[in-house]
Amino acid sequence: MKKSKLSSRITWRVILIMVIFNVFIIGVVFLFDLAVSFLESELRAQHIMEGINGKLTTMLSGVEITATNNVAEFEENLDNPEKVYEAMVHELRYNNRYVGCGIGFEPDYFPDQGRWFEPYVRFVDSTHVEREQIGSAQHDYHNQEWYLKGRSLERGKGYLTDPYFDKDGGKRLLNTYVTPVFDRQGRRVGVYGIDLNFSWLEQTIVGEEEKVKHLELVENDPDDPDDENAFFIQLLDSKGKKIAGSETFDDETIMTILKKDSIGFERVKANGTTYFISSKRLSRTGWTLVVAQHRDYVLMYGYFLGIILLIFMTIGGIVIFFFMSRSIRRAVKPLRFLSESAQEVAQGHFDTPLPTFKHQDEIAQLRDSFGTMQQSLKQYVEELKESTAAKASIESELNVAHSIQMSMLPKTFPPFPERYDIEIYGVLKPAKAVGGDLYDFFIRDEKIFFCIGDVSGKGVPASLVMAVSRTLFRNISAHTTEPSQIVQTMNEAISEGNDSNMFVTLFVGVLDLQTGRLRYCNAAHNAPYVQGALLPCTPNLPVGAMPDWNFTEQDIEMAPGSILFLYTDGLTEAENAQQQLFGEQRVTDVISLFEGSPQELIETMTDAVHQFVGDTEQSDDLTMLAIKYK
């Protein structure tokens with residue numbers, strides 16, 4: 001009877017503690033869920049705004065480059081109106097993603113053409129271009145906002161107008177990117193404009209909304225008007241007028257939004273409904289992008305998760321109470337429970353719980369002895385497992401290192417599918433799990449930066465130097481276009497603290513995709529081939545050999561259709577079973593007879609090497625890179 005009362009008293013004390021603890025945990029978790037819901041909604045809005053802003057910035061950058069190139073051509077042909085037409089037709093045919101383009105000239109700039117001379121060229125369909133003179137007294141562009149603002153800009157500057165319907169030129173809803181035109185004496189003679197189809201921006205906004213709905217973040221109920229606007233995106237022009245989007249704010253909300261360049265995540269009352277709004281003033285346009293999320297939509301996940309957690313914790317509390325009450329009743333029988341626990345430990349169940357006792361008598365001392373033995377056995381088994389796993393992990397770590405090293409190199413070919421002026425293909429096959437060869441390339445400012453290198457030695461040390469070299473190439477070439485400066489800076493960085501005396505043979509090149517001019521610096525690497533002939537290379541020391549070495553730079557003009565083939569000495573020094581080398585002559589023989597793409601060249605060269613070496617084990621890293629300038 002006494003034992004029954006003791007177990008009951010302990011059980012109810014435990015229940016009280018569990019209830020208090022669960023109430024506290026549920027409250028904390030619920031508040032945490034709400035905070036996560038707010039953060040998730042804010043990050044979602046920021047992600048969407050950054051994505052749309054990035055697309056708009058990319059589009060403007062392309063239009064700006066096109067406009068700058070066009071204006072330069074127009075300024076060379078200002079002596080004849082017909083040449084101006086021809087120049088615009090020529091530019092528009094190569095930029096068929098635009099609606100049209102035109103130049104509004106200063107009054108009477110061409111006396112024969114009258115006061116209002118605005119030559120305009122537009123697409124009438126996907127292939128045909130129509131040109132006309134749209135300036136007139138009825139279409140006095142000299143007083144229009146786009147012309148006045150464009151005329152006030154400096155050379156090389158431009159801006160994107162708000163959307164408008166052009167009934168004279170593009171004959172549709174569009175935006176215009178305008179920039180001033182100067183004559184050879186530096187006088188402003190007019191304003192050039194490129195008309196852009198506005199529908200792409202509307203499609204971008206709708207596409208982002210559809211993505212959210214497709215991910216089932218918003219489930220619209222057609223019978224609930226508030227649910228229909230649970231999430232929407234809106235784009236406002238510089239005057240607060242809606243450009244694109246599925247909903248319209250009231251004037252008070254629009255004024256609140258336009259007063260700030262950006263709104264992180266604020267609660268506002270719009271159209272009688274509570275929303276959490278994020279906004280961002282888009283660079284280079286003056287437009288404002290707004291993402292609005294209904295209050296219930298923001299909080300629904302917090303409520304939902306809180307209810308789910310409450311249900312599960314309640315069920316868990318009931319289950320825990322059931323098992324704990326039984327455990328407490330059994331705990332009052334220490335001798336029998338201790339005997340059962342000892343049997344479990346003896347059978348190898350080292351995590352079997354042992355009872356605790358209030359009085360430090362002989363039974364408690366016996367329990368402590370069992371506990372010490374249990375921990376010792378458990379620690380011994382864990383150490384044995386770790387020792388066995390350590391041996392198996394060495395090979396796994398090398399495989400992981402190989403995957404990491406390969407992931408640092410370009411592996412998607414063709415790497416620039418949207419470009420038609422360059423083809424490139426590369427391959428790297430290390431002799432061991434990890435190696436010391438490297439190659440890399442990327443395009444910046446219409447120039448392709450590329451390199452190929454070979455680290456002295458093999459294995460893990462060489463792979464570490466390879467990773468450092470590739471990282472240095474990427475970081476340095478992001479700030480300079482001079483190959484010699486890239487190699488010079490890499491040499492200083494690798495030479496510093498080079499106690500192991502490792503070095504890298506390296507070839508770095510920068511090819512201007514508009515002119516075909518190739519500038520390069522060779523740091524003791526194998527000279528590459530251009531159209532079957534070795535490229536002349538000035539001898540330099542390897543990178544890392546001498547910190548103060550002055551690396552020299554060379555340049556050539558690559559003809560369209562020519563292929564630049566780069567490789568490491570793993571190609572020429574590949575050995576067959578008779579220890580004969582593949583050699584430069586065999587490389588020359590393959591290249592001199594080849595006509596095709598860079599990928600076909602490298603595959604042909606690979607087949608030639610495999611046929612030569614047969615089943616002989618690879619002795620050195622093999623890397624090849626081919627670039628075709630089209």
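Mentor: Before we start, a strand here is a DSSP run of E with at least two residues, and strands are numbered from the N terminus. Keep in mind that this model is predicted.

Trainee: Got it. In which sense do E8 and E9 pair?

Mentor: In general, strands of a sheet pair through backbone hydrogen bonds, in either the parallel or the antiparallel sense. Here, E8 (residues 231-236) and E9 (residues 242-245) are antiparallel, with three bridges.

Trainee: What is the strand order in the open sheet?

Mentor: Reading across its five strands, you get E9-E8-E12-E11-E10, with antiparallel pairing. E9 and E10 (262-270) are the edges: each has a single partner strand, so one side of each has no neighbour in the sheet. On average, neighbouring strands are turned by 25° against each other, ignoring direction.

Trainee: How many bridges join E10 and E11?

Mentor: Seven, again in the antiparallel sense, with E11 covering residues 273-281. Glu-266 faces Ile-277 in E11.

Trainee: And the helices: at what angle do H10 and H11 pack?

Mentor: Two packed helices are described by the angle between their axes and the distance between those axes. For H10 (residues 459-477) and H11 (residues 483-495), that's about 135°, with the axes 10 Å apart, so H10 is oblique to H11. The crossing is right-handed. Among the contact residues are Leu-472 and Phe-473 of H10, and Ile-486 and Met-490 of H11.

Trainee: How many residues of that contact are nonpolar, polar and charged?

Mentor: Seven are nonpolar and three polar, with no charged ones.

Technical notes
Residues numbered from 1 in each chain as written. Predicted model: local features only at pLDDT ≥ 70, side-chain atom pairs only at ≥ 80, totals over all residues. Heavy atoms only, no water. Pairing = 2+ DSSP bridges. Helix = DSSP H or I, 4+ residues; strand = E, 2+ residues; numbered from the N terminus. Axes fitted to C-alpha atoms, helices over the stretch in contact; angles between N-to-C directions. Parallel < 35°, antiparallel > 145°, perpendicular 65-115°, else oblique. Left-handed = near helix turned anticlockwise from the far one by under 90°. Contact = heavy atoms within 4.5 Å. Nonpolar A, V, L, I, M, F, W, Y, C, P; charged D, E, K, R; others polar.
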